[in-house]
Amino acid sequence: MIIFSIVILVYNEEKYLSKLFDNLLKIIRRINYKTEIIFIDSESTDQSVKIIENFIKKNPNLEITLIKIKKSDFHFARTRNFSVKLARGKYIIFLSADALLKDKKVFDRFLEDFSLGKKIVAVFGGFIPRRETPLLQKIEATIRFDFLNQFLKNKILIFDKKKPFIPYIKENLYYWWYLSNTFSCFKRIFLVKYPFPNINGYEDYAIGKIILEKGYKKVYDSRCKVLHSHTYNLIDYFKSQLEEMAAINNNFQIKKPINLIYKCKKILKYNLSGYDKIKTISQIPFYYLIKLLALTYVKIINYRL
């Protein structure tokens, strides 16, 4: 019986795939759980497919499947739901192709977390930003985890509406519904019954909401970290904010916390010169201006519709 199905969505990931393979092999070879890996490539134009095919040839003893789909058919929610139909494991792990596992015992952690209650249907971990990522973008990548870390018990946090770690009210739903498919693990039987909602992006937030609204629970395990972050230029950063603002406003009707004071305090704690700290803090208004432009654009589009 296959215990874990690892699903990796791929599009032009040649920069990261070799490191990802080495990373996965080291961990898979030390466990006794039968595991399969499913790659779904959406017409990569680089060497991603060849790298995966070579990986499969070099590891004939591993259960590895490469599925090729058209780029036009890729959709975050529908593609994940498609992978659920392909998967044979009791648990499905979603792992970003540009992420690296940092905990050798992560599979054991998942099983430990699921054993805490029958209602627990998902576990997710946190991020360690890459060194090259700009400081403010590092802080934004980890700020949700910093908030959740305040409520950890034995390094985990169980999201349970009956035993709330913070009040389950509109002002806090941004944190309650959060779940990251950068690295997450689900009971397959749950995703069969409750597929990802048909939205292209932030489908992990949507499934996080469904889990709680249907009376189930999810776990944030701070030990299950992955090395992952994006390094955005100004245009890409605007696009990322546009995607997030559209998802939050159109699909969830919740507000994202501003966290301005927290970000300033976080910068001051970094081992930087006084000049670099002031320089970084002075960049914050510009980042918020981009966020405001993205939010304004979303509201204008919604008004016209």
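Contact is taken here to mean heavy atoms within 4.5 Å. The structure described is a predicted model.

On this criterion, and with residues up to four places away in sequence not counted, Phe 252 touches Trp 177, Ile 199, Tyr 202, Tyr 205, Ala 206 and Ala 247. Phe 252 belongs to helix H9, which spans residues 234–252. The relative accessibility of Phe 252 is 6%, and the residue therefore counts as buried, the limit for that class being under 20% relative accessible area. The C-alpha atoms of Phe 252 and Leu 173 are separated by 9.2 Å in space, although the two residues stand 79 positions apart in sequence.

Asp 113 counts as buried because its relative accessibility is 2%. When neighbours within four places in sequence are left aside, the residues in contact with Asp 113 are Ile 120, Val 123, Ile 156, Val 219, Asp 221 and Arg 223.

The strands of the model include an open sheet of eight, arranged in the order S3-S2-S1-S4-S9-S6-S10-S8 with mixed pairing. Strand S3 (63–69) and strand S8 (156–159) form the edges, each pairing on one side only. From one strand to the next, the twist averages 20°. Within this sheet, strand S4 (residues 91–95) is paired with strand S9 (residues 183–187) in the antiparallel sense, over five bridges. Ile 92 is placed opposite Phe 186 of S9.

Two helices are packed across strands of the sheet. Helix H1, comprising residues 14–28, lies across strand S1 (4–10), strand S2 (35–42) and S4, and its direction is at about 175° to S1. Helix H2, comprising residues 48–58, lies across S1, S2 and S3, and runs at about 155° to S3.

On the surface, a nonpolar patch is formed by Leu 234, Phe 286, Leu 289, Leu 292 and Leu 293, which together have about 480 Å² of accessible area. Helix H11 (residues 274–304) supplies the largest share of this patch, namely four residues. Phe 286 is situated in helix H11. With a relative accessibility of 43%, Phe 286 counts as partly exposed, because exposed residues are those over 50% and buried residues those under 20%.

Terms used
Residues numbered from 1 in each chain as written. Predicted model: local features only at pLDDT ≥ 70, side-chain atom pairs only at ≥ 80, totals over all residues. Heavy atoms only, no water. Buried < 20%, exposed > 50% of the residue type's maximum accessible area, 1.4 Å probe, protein only. Pairing = 2+ DSSP bridges. Axes fitted to C-alpha atoms, helices over the stretch in contact; angles between N-to-C directions. Patch = residues over 30% accessible without salt bridge, like charges linked within 9 Å, V, L, I, M, F, W, Y side chains within 5 Å. Areas by Shrake-Rupley, 256 points an atom, 1.4 Å probe, with all protein chains shown as cover. Salt bridge = Lys/Arg side-chain N within 4 Å of Asp/Glu carboxyl O.
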